[in-house]
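This report describes aromatic pairs, surface patches and salt bridges in one protein model. The sequence and the structure are shown first.

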Amino acid sequence: QNYVFALLMGYREPPEGVEVREGLYYNPYFPGGAIAMPKMLNDEGVEYDDGTPASEAQQAKDVVTFLAWAAEPEADDRKLMGVKWLTALSLVLVTAIYYKRWKWAPLKSR
């Protein structure tokens, strides 16, 4: 995720002594420093319904968040299932501790 964010935000003029062929753009985060994809994000390139400022960084963050979600759309379901399992296992643990103390209390109190 950090790589994609850095790649989207990393477009700049090449430093002195670095030549970039025609049709390529300089991006230090891309291996070799020259990438064929032009800079796609610009300030105020999008209008958000909630009034969020449409900076390049905000747009890049949104793109990265969407790509992470698109890569694993079932992640939310997995997290919910994990919470359910942890809740159930916690209840089983509490029940087991209570039962152990109840079962062994007469022997311990002799």
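Is Trp102 buried or exposed? In this predicted model, Trp102 has a relative accessible area of 55% and is therefore classed as exposed, the cut-off for that class being over 50%.

## Aromatic pairs

A pair of aromatic rings is described by the distance of the centres and the angle of the planes. Two aromatic pairs are present in the structure. In the pair of Phe66 and Trp69, the ring centres are 6.0 Å apart and the planes meet at 35°, so the arrangement is tilted. Phe66 and Trp69 both belong to helix α2, which spans residues 56-71. Three residues, about one turn of the helix, separate Phe66 from Trp69. Phe66 is partly exposed at 49% relative accessibility, and Trp69 is likewise partly exposed, with a relative accessible area of 47%.

Tyr99 and Trp102 form a tilted aromatic pair, with 5.9 Å from centre to centre and 40° between the planes. Both residues of this pair, Tyr99 and Trp102, are located in helix α3 (residues 75-108), again three residues apart, or about one turn of the helix. Tyr99 has a relative accessible area of 46% and counts as partly exposed, whereas Trp102 is exposed.

## Surface patches

Phe66 and Trp69 also contribute, together with Val63 and Leu67, to a nonpolar surface patch of about 390 Å². The aromatic pair of Phe66 and Trp69 is thus part of this nonpolar patch.

A negative surface patch is made up of Asp43, Glu44, Glu47, Asp49 and Asp50. Within this group, Asp50 is situated in the loop between β2 (34-35) and α2. Asp50 is exposed, its relative accessible area being 62%.

## Salt bridges

Three salt bridges are found in a search of the whole structure.

| Residue | Partner | Distance, N to O |
|---|---|---|
| Glu56 | Lys39 | 3.2 Å |
| Arg78 | Glu72 | 2.8 Å |
| Arg78 | Glu74 | 3.3 Å |

The salt bridge of Glu56 and Lys39 has a side-chain distance of 3.2 Å. Glu56 lies in helix α2 and Lys39 in the loop between β2 and α2, so this pair ties together parts that are 17 residues apart in sequence. Glu56 is buried because its relative accessible area of 17% falls under 20%. Lys39, by contrast, is partly exposed at 35%.

Arg78, a residue of helix α3, takes part in two of the listed contacts, one with Glu72 and one with Glu74. Glu72, Glu74 and Arg78 are accordingly linked in a network of salt bridges.

How far apart in space are Arg78 and Asp62, which are 16 residues apart in sequence? Their C-alpha atoms are separated by 22 Å.

Definitions and conventions: Residues numbered from 1 in each chain as written. Predicted model: local features only at pLDDT ≥ 70, side-chain atom pairs only at ≥ 80, totals over all residues. Heavy atoms only, no water. Phe/Tyr/Trp six-rings, centres within 6.5 Å; stacked < 30°, edge-to-face > 60°. Helix = DSSP H or I, 4+ residues; strand = E, 2+ residues; numbered from the N terminus. Buried < 20%, exposed > 50% of the residue type's maximum accessible area, 1.4 Å probe, protein only. Patch = residues over 30% accessible without salt bridge, like charges linked within 9 Å, V, L, I, M, F, W, Y side chains within 5 Å. Areas by Shrake-Rupley, 256 points an atom, 1.4 Å probe, with all protein chains shown as cover. Salt bridge = Lys/Arg side-chain N within 4 Å of Asp/Glu carboxyl O. Lys, Arg positive; Asp, Glu negative; His and termini not counted. Charge placed at Lys NZ, Arg CZ, Asp CG, Glu CD.
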